Every structure is written in C-alpha cells, then in structure tokens.
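User: I would like to go through a structure in questions and answers, with the cut-offs stated as they come up.

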Amino acid sequence: MPDYALIVRNASFLFDGLLLSLTLTLVGVIGGFAVGTALALVRLFTGIIGNYVVDAYVFVFRAIPLILVIFWFYFMVPLILGRPVGAWTSATVAFTLFEGAYYSEILRAGLKSVRAGQLNAALASGMSRAQALRYVILPQAFTAMIPIFLTQAIILFQDTSLVFVVSLHDFLTATTIIANRDGRLIEAYTFACLVYYLICLAATAGVEKLKRTFAR
Amino acid sequence: MNYQWNWGLLLKEPYAGWLLTGLGWTVALSITGWLIALPLGIAIGIARTSSSRWILRLSGFYVSMFRNIPLLLQMFVWFFVVPELLPARLGLWFKRDLPNPEFWTGVLVLAFYTSGRLAELFRAGLQAVPRGQRMAADATGMNRAQALRYIVMPQALRIILPPLTSEFLSIVKNSSLALTIGVLELTAQSRQIENFTFHGFEAFGAATAFYVLVALVLNLVMVRLQRTLALPVAV
C-alpha cells in the first residue's frame, strides 16, 4: 500500500530542507556573483599575469566535479581557520568559489557580446570611459547576461543537492532521511522528483518569458 | 596552519592501488555512459526537430524530465525505486544477480541524463544549419533521411563540436556522483584516502590533477579535430 500521507506527516521537516536548499542557492548566487565580478575586475585591471591567474582559477574549477570541490573545502576550511566549523560554513565557501568561476565566464561573455562600435560611438560623442561603461556598455551587457545568470541559478539549485555528501539537511537529504526511516523510498523519492521538476520547470519558464521581454 | 606534507603517501600501498582502481571506474563509467548517451541523444535530438506535434511533445518531455531533476536524485531513483517498480523477477535479477549493480545503475543514470543534454545540443545544431541546405538537398532529389545524413548532420556536428567536447568533460565530472550509490570511483577513493590518513591535500590533489589533465587533453583534441574537420567554405 503506498503511503503518501507520509509527506504530510513530515511536511515541516521537508520544508526546512527545501528552505536550506533555497538559502544555499541564494548564497551561491550572491557570493558567486561577487567572486565572479572580482575575477572580471582582476582580468580588466592587472594585465597579463592577472589574466593567467584568473584563467587558471576558472579552468581548474570548471574541470573538477562539484563533489570534489565540496570535499576539498570540507577538509580545508577547518584546517585554515584552525578550528572545527560546521558543514554549512564549508559548503557555502565551496559553492561561492565554485560558482564564482562560472559567473566570471558569464560576465566576460556578456561584456564581449556588446560590439566594439558601441564603445567607440560613446567615446566619439564625448563620454568618458567610465560614462561609456556606465550608460552604454553595462546596460546592454546586463540584458544579455541576466537570463544566463538565472539559468545558472537553476542549475545551482539542483546542484545544492550534492551537500548530501557532507550530511547537510537540504531537501534531498531530508527526503532520504524520511525515506529510510519509514522504509518508504518509492513515495518519498517520487515526491522529491515532483517538487524539483515543478520548481525548475516554473523557473525555466520564467526565464524564457524574461528573455522574450528583453528581446523586444 | 599546521600540516605535515607527505606526497610519497600516494605511491604507497594500498593508496596507490585505490587511486588506480578509482581511476579505472571513473573511465569505465564515463566511456560506457557516453557510448549509450550519444546515439540516444542524437535520436532524441532529431525527434526534437520533427514536424509531428506528438513526437515534439514526447521528446520535449523526455528532455525536460532529465534536465529538471537533480542528477543525484536520479541516481537514487534508479538505484532504490526503479528495481521495485519492475516486474518482480526482473527487479530481483537487478538487485541480486546482476554483477556490479552499482556500476550499471550509475552507467544508466549517466547515460540517460547525458542523452537529455545531448538531445538539446543536437537540436540546436540541426536548427543552426541554414534552411537552404535542406531545400537544396531536397531539390537534388534526396529524401529526408539522405538530406539529414549527408547534408545537414555533417554541418551540425561541426557547429556543436566545442560544446560536445564539454559535454564529455561533464560526464567525466558527473560520474563522481556514482559514489553516492557505492561505486568507488576516483573522487570516492581520494575521500577514502583522506579519511584513512588525514592527508587531504595529497589525496584530493591527486584526484584534481587527473580531472584537470582530462580537461586539458580534451581541449587539445577538440582544437585539433576542429582544424581537421574545418570546411574550405565557412558554413
């Protein structure tokens, strides 16, 4: 007999898990954006050596699996701080630095997508470089970037489930705990699939709509 | 920070052996998964460009299912749930008689997940080939299958070669998720070494070096391939 009432009985536990997944996503987006911007600035202002350093950072983070990144920081953060910290702290550090690599690439592609003529035209009309960046380049770059940022956030939301490996109670881990405790794997995992599917589908549809608005 | 370095550790038994078997499982998972995902992804990708509304809907649902559910959850579903839903005897065979059930489940999950992503890639590639190419093929008397095989697909493949390479890198990275269902691949082995010796830098460093090496080699191969396959006239 399937027992779907299980979901209702454990609703608050599952909801807390979902909240943790969403919080971690938000932290990853904000932190990743900050790190990505910092990397883009390093690239812009420090010449060739800075360029190589940023390139290496981005390449390595994009070459290794997120699980390995989570393991790295779970091991390294307490060592560097010299005292034990919880899984939450090391996971947020891991996600921030990992996402930073992806966001810096999105920023770079966004800035590149603005044609060189735009800058030249702005300068020719008497704007300073800062003004050209502020009023001409960035507004165009941002409309090109925002949908990609949001798509990356959806991917990140799915990836937060990987904190399972350090036993943080995100939505998937909460589901797994209930599934194993009550021996109800089928019901619990079916429900989790449904929740993730609907959230991601709705978010993707939202991004598509935004893209069409920008295109107009 | 107080840390005793010991890189020689990685060459000692049993750790060297652990790393090597881990490497073996990572390679086996990625390549087997890829060999299943590629034909599946091409087929679904072609279906995504179909003119029949039902085929479009079905293939669209296929893609959205594998893209909107976290890969880790897909692992759990295929490992814990699917065998229960299969007919009793098949389920039992899956759980008891199949050698290496964790490995084969991992391969299947990676293959299906990757096929969904490849399908989108192939759809985009096929749609990026100018319409005139198809019309010209039609005009010279080719049927639709011939036009696809000889005219459209070769051009689409060239367009999607770079993202296709990064998809292969993705399957290598994603194979690390198989550790959650008990496959002792590279990441799992490095974690195990860290647990046994507390030498995380060396253990994770070795795994990192391997993944970075794969990425570097793939980049090189892609650039070479792109040069070899380049057409005299730009598409």
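User: At roughly what angle do the axes of α2(B) and α5(B) cross?

Analyst: This is a predicted model, in which local features need pLDDT of at least 70, side-chain atom pairs count only at pLDDT 80 or more, and totals for chains, interfaces and linings use all residues. Residues are numbered from 1 along each chain as its sequence is written, and chains are lettered from A and ligands numbered from 1 in the order in which they are written. Helices (H or I, at least four residues) and strands (E, at least two) are DSSP runs numbered from the N terminus, while axes are lines fitted to C-alpha atoms, for helices over the stretch in contact, with angles from 0 to 180 degrees between N-to-C directions. The axes of α2(B) and α5(B) come within 8 Å, and they cross at roughly 125°.

User: Which class of orientation do α2(B) and α5(B) have to each other?

Analyst: Angles under 35 degrees count as roughly parallel, over 145 as roughly antiparallel, 65 to 115 as roughly perpendicular and the rest as oblique. The crossing of roughly 125° therefore makes α2(B) and α5(B) oblique.

User: Is the crossing of α2(B) and α5(B) left-handed or right-handed?

Analyst: A crossing is left-handed if the near helix is turned anticlockwise from the far one by less than a right angle, and right-handed if clockwise. By that rule, the way α2(B) passes α5(B) is left-handed.

User: Which residues of α5(B) make the contact with α2(B)?

Analyst: Two residues are in contact if their C-beta atoms, placed from the backbone, lie within 7 Å. From α2(B) come Ser59(B), Tyr62(B), Val63(B), Phe66(B) and Arg67(B). The residues of this contact divide into 6 nonpolar, 2 polar and 3 charged, where Ala, Val, Leu, Ile, Met, Phe, Trp, Tyr, Cys and Pro count as nonpolar, Asp, Glu, Lys and Arg as charged, and the others, Gly among them, as polar. On the α5(B) side the residues are Phe112(B), Tyr113(B), Gly116(B), Arg117(B), Ala119(B) and Glu120(B).

User: Why do α5(A) and α7(A) count as roughly antiparallel?

Analyst: Helix α5 (residues 87-112) and helix α7 (residues 129-159) of chain A have axes 9 Å apart. They pass in a right-handed crossing. The two helices are therefore roughly antiparallel, since they pack at an angle of about 155°.

User: How many residues does the largest nonpolar core have?

Analyst: A residue is buried if 20 or more other C-beta atoms lie within 10 Å of its own, exposed if 12 or fewer, and partly exposed in between, with C-beta atoms placed from the backbone. A nonpolar core is a set of buried Ala, Val, Leu, Ile, Met, Phe, Trp, Tyr and Cys residues joined through C-beta atoms within 7 Å. In the largest one, Val69(A), Ile70(A), Leu72(B) and Leu73(B) have the most contacts inside it, and the number of residues is 100.

User: Which helix gives the most to this core?

Analyst: The contribution in question amounts to 12 residues. They come from chain B, from residues 101-128, that is, helix α5.

User: How many residues does chain B bring to its contact with chain A?

Analyst: Chain A brings 29 residues. On the chain B side, α2 (53-68), α3 (71-85), α8 (186-197) and α9 (200-229) each supply at least two residues. That side has 16 nonpolar, 7 polar and 4 charged residues, and chain B's number is 27.

User: What is the secondary structure of chain A?

Analyst: Of its 216 residues, 35% count as buried. Its C-alpha trace spans about 75 × 50 × 25 Å along the principal axes. The secondary structure comes to 9 helices and 0 strands.

User: Is Asn100(B) buried or exposed?

Analyst: Asn100(B) sits in the loop between α4 (88-97) and α5 of chain B, and its phi is near 55°, a positive value in a residue other than glycine. Because 12 other C-beta atoms lie within 10 Å, Asn100(B) is exposed.

User: Which two residues does a cis peptide bond join?

Analyst: Most residues other than glycine have a negative phi, and most peptide bonds are trans. Here one bond has omega of about 0°, and its proline lies in the segment before α1 (15-47) of chain B. The cis bond joins Glu13(B) and Pro14(B).
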